[in-house]
Amino acid sequence: MLLAINYNYTVYLEVLVFEVLEGDASVGVGHFGVITCKTICVPIYNQKRFAHDLIIRKKTGKPIIKYGPGGRSSVSGHIATVFGCTGFLGRYVVSKLAKHGTQVVVPYRDEDSKRHLKVTGDLGQIVSTEFDLRNEQNIIEAVRHSDIVYNLIGRDYETKNFTFEKVHIEGAERIAKICKELGVSRLVHMSALNADVNSPSKFLQSKALGEIAVKKQFPDVTIVRPGYMYGSEDRFLNRLSVFSYELMVNHGETLFRPVNVLDVATALEIMLKDETTISSTYELCGTKAFSIEEIYDIIDDIMLRKRTRINVPKPIALAITKLLAYLPWPYLTPEDIERYCISDKSGKGIMGEIVKTFGDLGIQPLEFEDTAIHVVRRFRSNIYFNQPMDKNVGRVKKGVYYVEY
Ligand SMILES: NC(=O)c1ccc[n+]([C@@H]2O[C@H](COP(=O)([O-])OP(=O)(O)OC[C@H]3O[C@@H](n4cnc5c(N)ncnc54)[C@H](OP(=O)(O)O)[C@@H]3O)[C@@H](O)[C@H]2O)c1
C-alpha cells in the first residue's frame with residue numbers, strides 16, 4: 001500500500017491510497033475528501049484511476065496525479081507558472097494549458113492586464129499573483145507550487161526602469177536561480193531566433209546573454225527561440241498592414257520566417273509533458289523564408305489593394321525612430337529597424353548545440369500565406385471584407401471581387 005499526498009495549490013489537500021489489486025493491471029484508488037491539517041473527513045465518493053494517471057517527474061520524483069476525462073474541468077495534476085502571461089504569446093499559452101485542466105499561476109504587474117486570462121480556465125484554475133521582476137520574494141511566491149515554469153518575459157524596447165539587460169539577462173537569471181533553489185522540475189525560457197552575442201541588435205545580444213545566464217543557473221532549461229510571431233494581437237503583420245504606404249528598409253531584401261503564434265503555444269504546451277525536451281534548444285520558425293517585399297505582396301493580395309512601396313535608407317529610418325521614441329506610447333524603435341535588417345538564420349544554438357524544430361515535437365507548422373488572412377482581413381475595405389477564402393486555403397485571388405446582395 002502506498003500513500004501519496006497531493007497538495008493542489010490553493011484549492012485543497014487530498015490524500016490518496018493506492019491499493020494494488022491482485023490480478024488487475026490497474027491501480028485501485030480510494031479517494032478521501034477535503035481535509036485540513038487536523039481533520040481527515042471520510043470518503044465522499046469512490047473513483048477508479050489507472051496506472052497511467054500517475055506521472056512521476058524524472059528529475060524530482062514528484063508524483064503528478066490526474067483525474068477526470070482530460071478536458072477543461074478535469075485536473076491534469078500539473079501546476080504551471082507563466083511569467084509574461086499578459087503578453088501576446090502568454091494568453092495563448094495560458095489558454096492551452098488551462099483547457100486541459102492544468103492549474104496556471106499568472107504573475108502580473110497591472111491589475112487589468114490579466115483579467116482576460118481568468119476565463120481561460122475553470123473556476124480556481126487560474127491563480128493570479130502580483131509581482132515585480134526585481135523582487136525575489138514575489139518570484140518565490142509565484143513558482144513555489146509549480147512543477148513547470150515558463151518565462152515568456154521580454155520587451156522589444158528599453159524603458160527608464162528596465163533596460164534589455166535588466167529584463168532579458170538579470171530578470172531571466174533571477175527566475176532560473178529561484179526555480180533551481182525551489183526544486184522546480186522544468187523551466188522553459190523564451191529567447192529569440194537570431195539571438196547572438198555579436199549581433200548588431202541590442203535586443204538579440206541580450207537574449208543570447210540571457211540564454212547563457214539561464215543555462216548557468218538551470219542547466220536542464222528548455223530554450224525556445226521563435227521567429228517573428230504573427231496572430232491577431234501581433235506587432236508584425238499589424239504593423240505592416242496598417243499604413244497607406246509600404247515602408248521598408250534594406251530594399252525589402254531581409255528574409256523572415258514568420259511563425260503562427262498558435263504553433264508556438266502548442267509547442268510550449270507539449271513541453272509540459274514531453275520530458276525529451278529537457279535541456280534542448282528549439283528554433284520555432286515558419287517552413288519558408290519570405291523577403292519583406294514578398295510579405296508585402298501577400299498582404300496586398302489579401303487586402304486587394306496596391307499600396308505605394310517606399311524604401312527608407314537605414315540612417316534616415318534610425319533618425320526618425322529615435323524621434324518616435326519621444327512619443328508617450330511605444331511604437332517603432334531604432335531597435336526594430338536594426339532587426340528588420342537581419343535575415344533569419346537557423347540551425348545553431350548559442351553554445352554550438354544542435355537545435356530542434358517543430359518536427360521534433362510532431363507539429364506541422366501552419367503556412368504563412370494561408371493563415372495571414374486571419375490577421376490582415378481587418379485592414380480590407382468594407383466592400384469586400386466578407387469575401388470568402390479560397391477553398392481550403394486562406395489566400396484570395398487578386399483582382400477577383402465578390403459582391404454580396
Ligand atoms: N513576438 C515576437 O514576434 C517575438 C519574436 C521573438 C521572440 N519573442 C519573445 O517571446 C516572448 C513572448 O513574446 P510576446 O510577443 O508575447 O511579448 P510581449 O507581448 O511583449 O509580452 C511580454 C510580456 O513580458 C512582460 N514583461 C515585459 N517587461 C517586463 C518587466 N520588466 N517585468 C515584468 N514583466 C515584464 C510583459 O508584462 P506587462 O504586460 O506587464 O508589460 C508581458 O507579459 C518574449 O520573451 C519575446 O521577447 C517574441
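In this predicted model, helix H2 passes helix H3 in a right-handed crossing. On the H2 side the contact is made by Glu136, Ile139, Ile140 and Val143, and on the H3 side by Arg174, Ile175, Ile178 and Cys179. Sorted by class, the contact of H2 with H3 has six nonpolar and two charged residues, and no polar ones.

Two packed helices are described by the angle between their axes and the distance between the axes. For H2 and H3, which spans residues 164–181, the angle is about 55° and the axes lie 10 Å apart. H2 is therefore oblique to H3, as this class takes in angles between 35 and 65 degrees.

Asn135 lies in the loop that runs between strand S8 (126–130) and helix H2 (136–143). Is Asn135 buried or exposed? Asn135 counts as exposed because it has 12 C-beta neighbours inside 10 Å, and the cut-off for exposed residues is 12 or fewer. Although Asn135 and Arg174 are 39 residues apart along the chain, their C-alpha atoms are separated by 9.3 Å.

The ligand has 22 residues around it, of which Gly84, Thr86, Gly87, Leu89 and Gly154 come nearest. Helix H1, covering residues 88–99, gives the most to this shell, with three residues. The make-up of the shell by class is set out here.

| Class | Residues in the shell around the ligand |
|---|---|
| nonpolar | 13 residues |
| polar | six residues |

Technical notes:
Residues numbered from 1 in each chain as written. Predicted model: local features only at pLDDT ≥ 70, side-chain atom pairs only at ≥ 80, totals over all residues. Near = placed C-beta within 6 Å. Helix = DSSP H or I, 4+ residues; strand = E, 2+ residues; numbered from the N terminus. Nonpolar A, V, L, I, M, F, W, Y, C, P; charged D, E, K, R; others polar. Buried ≥ 20, exposed ≤ 12 C-beta atoms within 10 Å, placed from the backbone. Axes fitted to C-alpha atoms, helices over the stretch in contact; angles between N-to-C directions. Parallel < 35°, antiparallel > 145°, perpendicular 65-115°, else oblique. Left-handed = near helix turned anticlockwise from the far one by under 90°. Contact = placed C-beta atoms within 7 Å.
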